Structure formats: C-alpha cells, structure tokens
Amino acid sequence: MTADPKSTDYLVFVCQGARYGLRSEQVSEIVRLPELTWSEDAPDCVAGVMNLRGRVIPVVDTEQRLGYAARMYAVSDFVIVIEQGTGNTGVIVDQIHEVREIDTNVIEDTPDYGDAHDLARDLFEGIATLSDGLITLLRPDRLLIETDDQDEAEAQPTRSPDREFCPHV
C-alpha cells in the first residue's frame, strides 16, 4: 500500500479522545471487544486474555498503559491484535479511525518531559504533526512491558476481576 519509501502506513485509533497510531504492518486484525478472562499473575496493564480462534492472547488496557484513569469497557470498544516476535498481543481502543499514510518528515521525536516521564520516551515512537492535528505513534513492542518506575507510580490497585467484561452475555 505504501509506495513512497519516505512514508509509512499507520492504523489510527482513539483512546480517551486522543489519536494514536500503530504501524499497519504490525496489525494482524481488529475485532470487537470479546469476553476477557482475568489472569491474576498478569502485569497490571493486562486487562485479561481472550480466545481468538483457539489462541490465547493477552489484551492490554491501552488507556491504563498510557496513564489514563481506569474506566469500564464498552460494547463499542475494539481490540487491535498486533504481531510481535513473542506472539500476538491485543490492545483495547475506543475507536478505529483509518489507515493513514504518514510522511516520515512530519514525525518528530517524543519531547523530553524529564526523568519523571520516561514512560513517554519508552512507549512513543514519535509524534506526527498533520494538518488535522497530532497523532502519537506507539511502539507496540513496549505496550506489554512495564518499567519499574511505572510499577512504583501505580501503587494503588487498578486491576480486579470486577473489571472483567463480557459484552455478549
């Protein structure tokens, strides 16, 4: 789909009103949010696991991973399944917008927010400045990995079986 080597296709989606992007070649598929099974030994950013045609896939609460407050999932939410070297991972998002070709010249490095915000440097590939606004580009290989700094910052428990969601019951 990308003809120009100076551009890359990104799947653009929304979390908490902000636009984010993942390289489209890393996206395996998009599904409506299915029933998630909570796993006690999973990292805090994992909302649960889902069964996708016989494969068990961890599903990341993208908003929590990005530092937003926890919210209840909705029937309208989606899971983007991304391919990684270690297997597939799902990420929960509010809305899917489009696949968009983004010129590498409009992608800037993630701003340096100081040591207190290493999460941004760790998760963000960069920020695309476009005529219709900004898109924060994510590094999918880092969505499932939590840093020690983040673990300390999330001292309050945010995961519980009460957040399990089954839109089809």
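Reader: Which residue in strand 7 is the bridge partner of Val-59?

Author: The partner of Val-59 in strand 7 is Gly-90. The model is predicted: local features need pLDDT of at least 70 and side-chain atom pairs pLDDT 80 or more, while totals for chains, interfaces and linings use all residues. Residues are numbered from 1 along each chain as its sequence is written, and side-chain values use heavy atoms, without hydrogens or water.

Reader: How many bridges join strand 5 and strand 7, and in which sense do these strands pair?

Author: Strands are DSSP runs of E, at least two residues long, numbered from the N terminus, and two of them pair if DSSP finds at least two bridges between them. Strand 5 and strand 7 pair in the parallel sense, over two bridges.

Reader: What is the order of strands in the open sheet?

Author: The open sheet has five strands in the order 3-6-7-5-4, and its pairing is mixed. Strand 3 (27–32) and strand 4 (46–52) are the edge strands; each has a single partner strand, so one side of each lacks a neighbour in the sheet.

Reader: Which strands pair in the antiparallel sense with strand 6, and over how many bridges?

Author: Strand 6 (residues 78–84) pairs in the antiparallel sense with strand 7 (residues 87–93), over seven bridges.

Reader: Which residue takes a positive phi in the hairpin of strand 4 and strand 5?

Author: In this hairpin two residues lie between the strands, and Arg-53 takes a positive phi near 50°. When inspecting side chains on such strands, recall that in a regular strand they alternate between the two faces of the sheet.

Reader: How many aromatic pairs does a search of the whole structure find?

Author: The search finds one aromatic pair. Rings of Phe, Tyr and Trp (six-membered ring) pair if their centres lie within 6.5 Å; planes under 30 degrees apart count as stacked, over 60 as edge-to-face and the rest as tilted. Phe-13 and Tyr-20 form the pair, which is stacked, with 6.0 Å centre to centre and 25° between the planes.

Reader: Are Phe-13 and Tyr-20 buried or exposed?

Author: Phe-13 and Tyr-20 are both buried. Buried means under 20% relative accessible area, exposed over 50%, and partly exposed in between (1.4 Å probe, protein chains only).

Reader: With which residue does Asp-132 form a salt bridge at 3.2 Å?

Author: A salt bridge places a side-chain nitrogen of Lys or Arg within 4 Å of a carboxyl oxygen of Asp or Glu, and the whole structure contains 10. Asp-132 forms one with Arg-19, the closest N and O atoms being 3.2 Å apart. This pair links distant parts of the chain, 113 residues apart: Asp-132 lies in the loop between strand 10 (124–130) and strand 11 (133–138), and Arg-19 in strand 2 (residues 18–23). Asp-132 is partly exposed, at 45% relative accessibility, whereas Arg-19 is buried, at 14%.

Conventions
Helices (H or I, at least four residues) and strands (E, at least two) are DSSP runs, numbered from the N terminus.
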